[in-house]
Amino acid sequence: AQSVAQPEDQVNVAEGNPLTVKCTYSVSGNPYLFWYVQYPNRGLQFLLKYITGDNLVKGSYGFEAEFNKSQTSFHLKKPSALVSDSALYFCAVRDGGGYNKLIFGAGTRLAVHP
Amino acid sequence: GAVVSQHPSWVICKSGTSVKIECRSLDFQATTMFWYRQFPKQSLMLMATSNEGSKATYEQGVEKDKFLINHASLTLSTLTVTSAHPEDSSFYICSARDTGLAGPYEQYFGPGTRLTVT
């Protein structure tokens with residue numbers, strides 16, 4: 001079965017510093033991976049996805065993610081964190097069934113301090 | 001860009017009553033929509049997959065008679081929580097996939113509906 005793991009409940013970063021939010025996956029077949037962000041009392045916003053091709057994927061709001069097949073990881077990164085980046089981040093993998101369901105990780109809360 | 005709306009954004013109801021939540025894709029057609037439930041500080045739990053013109057597919061452990069899903073058109077799916085109880089209080093989020101796109105494209109999420117059952 002497809003699954004993703006986000007090993008960190010929370011990540012704390014100082015504003016201006018680079019940030020990394022970790023995600024590892026377990027899939028059978030080709031992995032289709034996604035990152036979403038959720039602000040308080042809101043739905044999820046799509047950040048980026050990896051389907052195939054370049055291992056470095058660039059997304060919205062200056063975020064990028066690096067697909068690493070040997071380490072089965074898809075870490076989210078940003079070179080310089082903003083206080084407004086503080087939110088809940090979810091990594092997801094497409095389920096192998098016919099409806100393209102998404103399997104979400106537990107989420108990582110990012111706190112960027114001024 | 002693709003926009004999904006939900007209505008209402010929040011609702012308070014009394015125990016034993018039923019509540020309907022609407023999910024609409026505003027600028028694209030969605031054969032498939034998904035309903036999630038999220039508890040505070042937790043991840044999203046997929047409840048069911050809503051299919052236009054056919055019965056919904058429920059995840060294991062989700063009571064289909066309690067959470068009624070209707071996907072009557074390519075832009076509207078509804079979730080009805082029947083005979084609601086306080087333990088049904090939660091944040092309900094829907095998402096939709098653009099039918100016009102092939103492949104593993106992302107889901108577009110609604111803003112969520114906060115249900116409180118008193």
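Tutor: A disulfide is a pair of cysteine sulfur atoms that lie within 2.5 Å of each other. This is a predicted model, in which local features need a pLDDT of at least 70 and side-chain atom pairs count only at pLDDT 80 or more, while totals for chains, interfaces and linings use all residues. Residues are numbered from 1 along each chain as its sequence is written, chains are lettered from A and ligands numbered from 1 in the order in which they are written, and side-chain values use heavy atoms, with hydrogens and water left out.

Over all chains the structure holds two disulfides. In chain B, the sulfur atoms of B:C23 and B:C94 are 2.0 Å apart and form one of them. The torsion about the S-S bond of B:C23 and B:C94 is 80°, a right-handed link. Because B:C23 sits in strand β3 (residues 19-25) of chain B and B:C94 in strand β9 (residues 90-96) of chain B, the pair ties together parts that are 71 residues apart in sequence. Strands (E, at least two residues) and helices (H or I, at least four) are DSSP runs, numbered from the N terminus. Both B:C23 and B:C94 are buried, where buried means under 20% relative accessible area, exposed over 50%, and partly exposed in between (1.4 Å probe, protein chains only).

A:C23 counts as buried because its relative accessibility is 0%, and A:C91 is buried with a relative accessible area of 0%.

Around A:C23 we can follow A:F74, which is in contact (heavy atoms within 4.5 Å) with A:C23 and with others including A:L33, A:W35, A:L48, A:V57 and A:F67, when residues up to four places away in sequence are not counted. A nonpolar core is a set of buried Ala, Val, Leu, Ile, Met, Phe, Trp, Tyr and Cys residues joined through side-chain atoms within 4.5 Å. The largest such core has 26 residues, and A:F74 is one of those that touch the most other members, along with A:W35, A:L47, A:L48, A:L76 and A:Y89. At least two residues of this core come from each of β2 (10-14), β3, β5 (33-38), β6 (44-50), β8 (64-68), β9, β10 and β12 (108-113) of chain A. The strand that gives the most to this core is β10(A), with four residues. Another core lies apart from it and has 25 residues, among them B:I21, B:I69, B:A84 and B:L115.

A:K78 has its place in strand β9 (residues 73-78) of chain A, and A:K78 is buried, with a relative accessible area of 8%. The side chain of A:K78 makes a polar contact of 2.8 Å with the side chain of A:D85; such a contact is a pair of N or O atoms within 3.5 Å, where, within protein, one must be able to donate a hydrogen and the other to accept it, and residues adjacent in sequence count only if both atoms are side-chain atoms. A polar atom of the A:K78 side chain also lies 3.1 Å from the backbone oxygen of A:Y61.

Finally, consider the backbone. Most residues other than glycine have a negative phi, and most peptide bonds are trans. Phi of A:T72 is a positive value near 45°, and this residue lies in the loop between β8 and β9 of chain A. In chain B, phi of B:S83 is also positive, near 45°, and B:S83 is placed in the loop between β8 (76-81) and β9 of that chain. A cis peptide bond, with omega about 0°, joins B:H7 and B:P8, and B:P8 is found in the loop between β1 (4-7) and β2 (10-13) of chain B.
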